[in-house]
Amino acid sequence: MILLLAEKKEGKFLRLTQELLSEARRINDSLKEEIAVLFVGFQAAQEDVVQLGEWGADKIINPVHPLLEKYDSENYVQLFHEIASMNSISIILLGSTVYGKELAGMISAKLKGGYAGDCVRLFYEKGKISALRPVYSGKVHAVVSAVSGPFTASFRANMCKVEGPIPGKRAEVVPFDFHPINNGKIKILEVVKSQDQLADLSEARIIISGGRGLKGPENFRLLEELAKVTGGAVGASRMVVDSGWIEHQHQVGQTGKTVSPDLYIACGISGAIQHLAGMSSAKCIVAINNDPEAPIFKIATYGIVGDLFVILPLLIKEMRQVFSGKAVV
Amino acid sequence: MKIAVLVKQVPDTAAQIQIKPDWSGIVEEGIKYILSPYDEYAVEEAVRLKEKFEGSEVTAVTVGPERAKEVLRTCLAVGVDRAVLIHDQENSFDPYSTAELLAKKLESLNLDLVLCGKQAADDDMAYMGGAAAQKLNFPFISLVVQIEILKETGKAKIRRQIEEGEEILEVTLPCVLSAQKGLNEPRYPSLPGMMKAKKKEIEEIKPADLIPDFASLAKTRQERLQPVPPRSAGRILKGSPEEMVKELVKLLRDEEKVV
């Protein structure tokens, strides 16, 4: 069995859930096992069942329990443990979200199996389940293979091709009788939602990022405006985060976030190696910088050498035209 | 409080990484090694807690080669009391085996708290905290940006980052916490601190002393390192600002199809 965890946000599956299913389908061409989705907490609705089925799930394991309605690492690990004790699992896939990454290590340790974090590809090589993962913040790739036990991998968002739905494919929903451990060692007291709507870089398809070239914290408003117009998020270089211009949540690169959006617009970022490591897997990179020698131009798909205070207002205006009348996704 | 910090020596984040011709690892010559950046926050927090709670003791533990003693000395220089080097060997690429070693040592320390960085800056695994917690049967919270120890209840109040903002949690001690940037501002080692650290003894342990059949533990194998497909420089746009912006938007829409 290939087992993967479905995650929802605001009532909708993360795109990452569909990506995990696509990756599972591809490696399953070699493995030929059952693909099971773990849908936790609530009864799966008919539309969930249809969606997960068409994305490639053969089975939906659906434990319903009050203690599973909210994320609870101890009970979630226990749940994987119970499922693994009743099924022969070869691969467990989780998204590289905060919860997914936290769980992946714990699950693999609990199941005494292999682990690979933040993978970008799964494949079958010389009879072994293998994973490709960036190391040294993406400066190099490593290939690791499973030796024994279930292989647990967390998978980075926006890195793999999404396979089209299989029309009419339905997944079988399997209820699961879960036995919670309920020792309450961790209690969530409060969730403080960030007022900053532009800080969530995790699944953003467009990131507008700023560096020292912005000259001051007040000029981030230009990036914020462009991000709002394009439905994107705002990123930043380490330099400006350390200078206190913007919160750490926004930092891209080593000691910040690794991102792979469809479009990354680097404004006034010279491109230190630590920054490049965190964003060079973006599909399209645009660099705007007044220094033609800036290293960022060496990896940018398109470069504009010029004054960002002239370029950005023009870009906001043009983008507004492109996005007006187009639903922002 | 008895606190352990899990640390790792990694290449400087500014280092260019080159792969050995046989793809078995990286070329180590010319690389400057440092304490992994996120571990700095963990070490600093441990030392601050020690300073706050009298009679505390902080032990730094690492798995690594001989040169990893340098980062243990760094830890000792900023106020860590004891340092342990577990020598690595062949299957040290396998995170499971490494976690077994660390957990075995940690078990013997009778701990209230284990701190580590959210991930090491070399393999970026983000594994050790959660895995050690499982083996010790401690709860685990990642991406921690604030720790408040509630001595009287044996608990801690934690703030940690999530995608949407922050969570505030309460956790029972002993527990494992992984440090995110923002937890604190690490101090620099002082000269007297460094002098003192030089004289301190580092406990050295061989894997087989902790786990006799260590070599058979591996659950994964690192097959190879390979270069990242290079990203070539693209096009520098020409013309007036208006022309460049118009062309850029056209390219993004029609060629790249990203807007």
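Hi everyone, a definition to begin with: contact here means heavy atoms within 4.5 Å. By that rule, 92 residues from chain A and 81 residues from chain B take part in the contact.

Some housekeeping. This is a predicted model, where local features need pLDDT of at least 70 and side-chain atom pairs count only at pLDDT 80 or more, while totals for chains, interfaces and linings use all residues. Residues are numbered from 1 along each chain as its sequence is written, chains are lettered from A in the order in which they are written, and side-chain values use heavy atoms, with hydrogens and water left out.

Now the area. The two chains, A and B, bury about 7,400 Å² between them, and carbon and sulfur atoms account for 58% of it; buried area is the accessible area (1.4 Å probe) lost when two parts are put together, summed over both. Of what chain A buries against chain B, 10% comes from A:Y136, A:K185 and A:Y302, more than from any other three residues.

On to charges. Between chain A and chain B we count 6 salt bridges, meaning a side-chain nitrogen of Lys or Arg within 4 Å of a carboxyl oxygen of Asp or Glu. In one of them, B:R160 pairs with A:E102, with the closest N and O atoms 2.8 Å apart. Helix α4 of chain A, residues 98-110, gives the most to the side touching chain B, with 9 residues; helices are DSSP runs (H or I, at least four residues), and strands are too (E, at least two).

Finally, strands. Strand β18 of chain A (residues 302-305) runs parallel to β13 of chain B (residues 235-236), joined by 2 bridges; DSSP must find at least two for strands to pair. There, A:Y302 stands opposite B:R235. Thanks, everyone!
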